[in-house]
Amino acid sequence: SKENRMYNKYTKKIKYMFPKAHAAAYDMSAIRLGWYKIYYPMEFYAAFLTVAPGGFDAEIVGRGYNGVNEAIREIEEKGVEATAKENETCQTLYMVREAMARGVKFLGVDLKKSDATAFLPENGKIRMPFNSLSGLGESAAEKIIDVRSKYEIYSVEDLRQRTGISKAVIEILRRNGVLNGLSETNQFSMF
């Protein structure tokens with residue numbers, strides 16, 4: 001019949017059809033993510049940035065909403081001249097700006113409270129991890145966490161000796177206020 005010939009003509013052209021169950025699973029996942037994003041924004045952004053932090057820069061985020069906007073504007077002005085890393089940072093900053101616009105606050109990296117790689121909820125805010133500082137890798141972050149869990153850190157010299165981190169990493173920590181409150185050396189003055 002004519003209908004059979006038309007049916008066969010079109011079914012031979014179809015090589016693959018996306019399974020409906022797979023599409024439904026994607027939709028359910030999107031609904032769940034949306035629900036958390038709406039009702040638990042701080043937890044959502046902390047989890048999202050922990051699993052997909054590509055391009056996150058704690059120095060930029062530490063400048064607040066205006067600092068984030070300024071960094072986004074600078075990258076966007078570069079247009080096609082922007083590097084892949086800058087584009088990745090821009091995408092992450094869009095998410096951070098959205099979080100800030102929704103009232104989520106970010107706490108700076110803290111020697112005693114930050115995790116090596118996880119963004120941690122803390123009193124309704126998000127504590128940034130050590131590896132969110134540009135130039136401070138996961139290995140150095142893990143060393144700091146390991147030493148912090150075993151010893152009381154009294155000075156910058158003590159931190160450097162126990163962790164074996166470089167002077168460059170110490171400077172990153174110093175520039176971002178992580179070492180505030182620590183003396184430079186282990187020597188104490190009697191006067």
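Colleague: What order do the strands take in the open sheet?
Modeller: The order is β1-β3-β2, three strands with mixed pairing. Strands here are DSSP runs of E with at least two residues, helices are runs of H or I with at least four, and both are numbered from the N terminus. Two strands count as paired if DSSP finds at least two bridges between them. Keep in mind that this is a predicted model, where local features need pLDDT of at least 70 and side-chain atom pairs count only at pLDDT 80 or more, while totals for chains, interfaces and linings use all residues. Residues are numbered from 1 along each chain as its sequence is written, and side-chain values use heavy atoms, with hydrogens and water left out.

Colleague: OK, and which strands sit at the edges?
Modeller: β1 (106–107) and β2 (120–122), each of which pairs on one side only.

Colleague: How many bridges join β2 to β3?
Modeller: Three, and the two strands run antiparallel. β3 covers residues 125–127, and I126 in β3 stands opposite P121.

Colleague: Is N123 buried or exposed?
Modeller: Exposed, because its relative accessibility is 76%. The cut-offs are under 20% relative accessible area for buried, over 50% for exposed and partly exposed in between, with a 1.4 Å probe and protein chains only.

Colleague: Moving along, where is P129?
Modeller: P129 is in the loop between β3 and α7 (138–150). P129 counts as buried because its relative accessible area is 0%.

Colleague: Which residues does P129 touch?
Modeller: Leaving out residues up to four places away in sequence, P129 touches V109, S114, D115, A116, T117, A118 and F119. F119 is ten residues from P129 along the chain, and their C-alpha atoms are separated by 5.6 Å.

Colleague: And L182, where's that one?
Modeller: In the segment after α9 (167–175). L182 counts as buried because its relative accessibility is 18%. Among the residues it touches are L111, I153 and V156. V156 and L182 are 26 residues apart in sequence but 6.3 Å apart C-alpha to C-alpha.

Colleague: New topic: how much volume does the largest pocket have?
Modeller: About 360 Å³. On a 1 Å grid over the protein atoms alone, a pocket is an open set of points where a 1.4 Å probe fits, with protein on both sides within 12 Å along at least five of seven lines, and lining residues have an atom within 4 Å of a point. Points are joined across faces, edges and corners, and the volume is the space filled by probe spheres set on them.

Colleague: What lines it?
Modeller: There are 22 lining residues, with G55, F56, D57, K85 and T89 nearest the centre of the pocket. The largest share, five residues, comes from α5.

Colleague: How does the lining split by class?
Modeller: Eight nonpolar, six polar and eight charged. Nonpolar covers Ala, Val, Leu, Ile, Met, Phe, Trp, Tyr, Cys and Pro, charged covers Asp, Glu, Lys and Arg, and the others, Gly among them, are polar.

Colleague: Last one: how many helices and strands does the chain have?
Modeller: Nine helices and three strands.

Note on methods
Contact = heavy atoms within 4.5 Å.
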